Amino acid sequence: MKLFVFHTPELTPTATIADCAIAVDVLRATSTIATALGSGAEAVQAFSDLDKLLAVSETWAPDKRIRAGERGGSQVEGFDFGNSPLDCTPERVSGRRLFISTTNGTRALQRIEAAPTVLAAALINRRAVVQHLVQQQPDVVWIVGSGWEGSYSLEDTVCAGAIAHSLQAELGIALEQIAGNDETIAAVSLYRQWQDNLLGLFHHSTHGKRLLKLGITEDLTYCSQQDTLDVLPIQRELGVLVKQ
Ligand code: 3SL
């Protein structure tokens, strides 16, 4: 198995595709997706375009759908949810489909949607993702950070590093044996430096600071936890993720 980390969708190769591609948007799209599925959502359908989301979700019964829209960290007017994982309680999402569009995370998912296996990872469900990789042993794995509008983000890179670090330990091999690019080594170094203070790292990150300015503090704490959710979001059909 070879693991490649790409910091943003824009830096992800276009001429090839991985056997397994993993989208990461720790703050907060993939944390929200994993939480919604853990709370019993029927599925999560991701869109980069808000109008498309509205048109597709319109064909669903209102009591079977939730529309989540985020831009710039804030909830889009007229949508049921923004992008807070804490909104995704069993009472609110169970048995419903979450139609979601966010600034960067849903774009990352769209960028890798052609891969034979597409997963969504965050720190909270890291173990479930690593277990899947250990069991399935795909040859080429991409971890694609969502970043922020084309820029690098610390929180997505540290999550990529958390996955690589744990995978290497589970397989009992040296990092150099699975690292496919320098970004993978750098991501693991970042994780090893911050693994005991991930919330502290979020306080240094541009997007963490953006969310804190908006008064979004509890989400940061929630998203900084590791391995708290045994949920593997996996793409079942284009753009539609279910819990495996
Ligand atoms: O960029 C994204 O996709 C979002 O996760 C950003 S936010 O955390 O909802 O502001």
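Around the ligand stand 14 residues, with D25, R28, N83, T102 and G105 coming nearest; a residue counts as near if one of its heavy atoms lies within 4 Å. This shell splits into 4 nonpolar, 7 polar and 3 charged residues. Here Ala, Val, Leu, Ile, Met, Phe, Trp, Tyr, Cys and Pro are nonpolar, Asp, Glu, Lys and Arg are charged, and the others, Gly among them, are polar.

The model is predicted: local features need pLDDT of at least 70, side-chain atom pairs count only at pLDDT 80 or more, and totals for chains, interfaces and linings use all residues. Residues are numbered from 1 along each chain as its sequence is written, and side-chain values use heavy atoms, with hydrogens and water left out.

Now the polar contacts (pairs of N or O atoms within 3.5 Å). A side-chain N or O atom of D25 is 2.7 Å from an oxygen atom of the ligand. For N104, a polar side-chain atom lies 2.8 Å from a ligand oxygen. T103 uses a backbone N or O atom, 3.5 Å from an oxygen atom of the ligand. Taken alone, the ligand exposes 290 Å², and the protein buries 100% of that (Shrake-Rupley areas, 1.4 Å probe).

Turn to the rings. The structure holds 4 aromatic pairs (Phe, Tyr or six-membered Trp rings with centres within 6.5 Å; planes under 30 degrees apart are stacked, over 60 edge-to-face, the rest tilted).

Notes: A polar contact is a pair of N or O atoms within 3.5 Å; within protein, one must be able to donate a hydrogen and the other to accept it, and residues adjacent in sequence count only if both atoms are side-chain atoms.
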